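Please find below a colleague's note on the structure under review.

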Amino acid sequence: MTDTAGPKISISGVRKVFSLKDEDFVALDHVDLDIADNEFVTVVGPSGCGKSTLMNILAGLEEPTAGEAFVAGTSVSGPGPDRGVIFQQYALFPWLTVRKNVEFGLKVAGVSKTERRERAEHFIEMVGLSQFADALPKMLSGGMKQRCAIARAYAVNPSILLMDEPFGALDALTRVKLQEQLLDTWSREQRTVVFITHDVDEAVFLANRVVVMAARPGRIYDVVDVNLPYPRTEDVRLSPEFTELRNRVWHSVYHQQSGNVAGTASH
Amino acid sequence: MSKRTRMYLYNAISIVAGIGIWWLLALSGLQLPTPPEVVEAAARMWSAGIIQEDVLASLQRVLIGFILGSAAAIPVGFLMGWYSIARGLFEPWIQFFRTIPPLALLPLVLVLLGIGEVPKVSVIFLAAFLACVISTFQGVVSVDRTLINAARVLGAKDGTIFARVVVPASTPFILVGMRVGLGSAWATLVAAELLAAQAGLGFRMQQAQIYYDLPTIFVSIVIIGVLGLVMDRLLLFAESRLTGWQERR
């Protein structure tokens with residue numbers, strides 16, 4: 001079947017052009033990236049660098065103009081339950097309770113009622129929403145909504161989680177808390193994670209590897225390995241090694257030279 | 001006193017004051033019947049069975065027209081929102097008939113369909129249909145793309161997305177359309193009965209006008225208003241039950 005030794009996700013020569021009224025907008029150009037199984041990769045870059053487009057291509061919600069994305073060796077064509085997606089705007093179904101939201105994907109997959117209940121229960125507990133299982137989304141705070149969305153994505157048991165600025169709309173304190181919870185969850189339920197953000201601290205804190213993108217055209221500008229140990233606690237966040245990496249990524253994001261295209265990981 | 005009780009109290013004061021002003025105007029020489037005269041007329045009409053007969057005739061027409069109109073509007077609105085071909089085919093006709101007050105079609109309908117129940121019900125049908133079809137269509141096209149994408153990435157195919165995302169997401173729009181449609185249907189009905197009917201609240205007023213019977217006209221006006229209000233409140237209640245999940249801003 002598929003080559004288990006190969007990368008979990010492979011993006012090869014991806015280009016995406018949007019035709020606007022009077023000109024073409026190159027959202028992505030020459031994007032090549034391999035992501036290993038159970039790797040946590042963050043993608044950071046200025047607005048317009050195509051990071052969300054890249055995620056949509058991986059999710060199968062958009063098709064690349066040229067090139068291809070592979071998941072476990074198979075070319076991506078359309079969305080699938082092997083890739084869970086978490087959106088910045090939560091995208092919970094407002095007419096369903098937390099429990100029904102989490103069960104949605106299982107119901108679509110035809111999972112029996114008792115098993116659905118059990119699995120939803122497990123993931124609702126994992127994100128700490130047991131008390132709110134029968135609440136409607138309108139009763140939840142932003143952070144709780146996003147935790148519910150994470151439980152919903154986990155429930156269908158995807159091997160990949162694609163997260164598009166999931167904590168972008170939250171306040172700084174809630175963000176830090178959710179970052180730690182996400183890493184905690186990830187360490188217990190290992191998945192390959194592609195996490196889009198515009199926050200340099202967040203990108204470094206979470207990742208095995210930070211991919212820095214540049215705009216006009218959207219492309220990979222730099223790749224930074226983060227050799228910090230997990231679990232990442234507050235000590236890690238305040239360590240000089242973290243600061244050093246953070247400064248490096250910061251420089252890469254905010255002082256980009258046009259035309260510099262780094263393809264491979266550097267250190 | 002809670003905010004709500006205070007609101008009800010103000011409402012009650014307003015109603016009593018309104019009736020008081022009406023009474024004063026009637027006594028001061030304006031050609032109006034006094035409230036007791038109207039109550040008396042209502043009692044007389046009730047014991048003669050006239051009110052029951054009129055209400056039954058009017059409600060029957062409006063409900064048949066409204067239910068058929070909404071039942072036709074919802075699928076058509078969904079088709080228009082979901083398939084651009086349906087939109088292209090239906091839209092010119094809907095936009096055209098929307099600019100014509102349904103009542104203006106009554107002369108045509110009377111000539112074509114005679115003076116039975118069918119012409120009146122058809123005009124009411126049209127009134128309800130037009131109001132509901134447009135808001136259903138609006139509801140379908142304004143469904144949040146992110147919700148559709150969220151369903152897709154969870155493995156849902158088109159049919160499931162339609163039933164489990166598009167339909168619930170458009171329900172608030174449909175109910176608003178039904179409320180507007182009911183108001184429009186009720187208004188059209190009464191006017192249609194003024195022109196061509198043998199029973200009904202509008203017909204009764206028309207008759208009373210000939211005999212200069214002001215109390216009967218007042219009775220009919222009050223019943224029309226109260227019934228309209230009751231039907232609107234029933235739909236509002238259904239709306240709050242069905243769309244209570246909405247985040248109110």
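This is a predicted model: local features need pLDDT of at least 70, side-chain atom pairs count only at pLDDT 80 or more; totals for chains, interfaces and linings use all residues.

1. The four-stranded sheet of chain A. Four strands of chain A form an open sheet in the order β2-β1-β4-β5, and their pairing is antiparallel. The edge positions belong to β2 (24-35) and β5 of chain A; each has a single partner strand, so one side of each is left without a neighbour in the sheet.

2. Pairing of β1 within that sheet. Strand β1 (residues 9-19) of chain A is joined to β2(A) by eight bridges, and these two strands run antiparallel. Within β2(A), the residue opposite A:V14 is A:V31. Strand β1 of chain A is also joined to strand β4 (residues 66-71) of chain A, here through five bridges and again in the antiparallel sense. A:I11 faces A:A69 of β4(A) across this pairing.

3. β4(A) and strand β5 (residues 74-75) of chain A run antiparallel and are joined by two bridges. A:F70 has A:S75 of β5(A) opposite. Two residues lie between the strands of this hairpin, where A:A72 adopts a positive phi near 50°.

4. The six-stranded sheet of chain A. Which strand order does the open sheet of six strands in chain A have? The order is β6-β7-β8-β3-β9-β10, and the pairing is mixed. At the edges stand β6 (83-86) and β10 (219-225) of chain A, each with a single partner strand, so one side of each is left without a neighbour in the sheet. Direction ignored, neighbouring strands of this sheet are turned against each other by 20° on average.

5. Six bridges link strand β9 (residues 209-214) of chain A with β10(A) in the antiparallel sense. A:V211 is placed opposite A:V223 of β10(A). Helix α4 (residues 142-155) of chain A packs on the sheet and touches β6 and β7 (160-164) of chain A. The direction of helix α4 of chain A makes about 170° with that of β6(A).

6. The helix pair of chain B. Helix α7 (residues 145-153) and helix α8 (residues 158-195) of chain B have axes that come within 10 Å and cross at roughly 160°. An angle over 145 degrees counts as roughly antiparallel, and α7(B) and α8(B) are therefore roughly antiparallel to each other. Their crossing is right-handed. On the side of α7(B), the contact is made by B:L147, B:I148, B:A151 and B:R152, which meet B:I161, B:R164, B:V165 and B:A169 in α8(B). By class, the residues of this contact are six nonpolar, no polar and two charged.

7. The contact between the chains. How many residues of chain B are in contact with chain A? There are 15, and they meet 21 residues of chain A. On the side of chain B that touches chain A, the elements giving two or more residues are α7 and α8 of chain B. The most is given by α7(B), with six residues. The classes on this side of chain B are eight nonpolar, five polar and two charged residues.

Terms used: Residues are numbered from 1 along each chain as its sequence is written. Chains are lettered from A and ligands numbered from 1 in the order in which they are written. Axes are lines fitted to C-alpha atoms, for helices over the stretch in contact, and angles run from 0 to 180 degrees between N-to-C directions. Angles under 35 degrees count as roughly parallel, over 145 as roughly antiparallel, 65 to 115 as roughly perpendicular and the rest as oblique. A crossing is left-handed if the near helix is turned anticlockwise from the far one by less than a right angle, and right-handed if clockwise. Two residues are in contact if their C-beta atoms, placed from the backbone, lie within 7 Å. Ala, Val, Leu, Ile, Met, Phe, Trp, Tyr, Cys and Pro count as nonpolar, Asp, Glu, Lys and Arg as charged, and the others, Gly among them, as polar. Two strands pair if DSSP finds at least two bridges between them.
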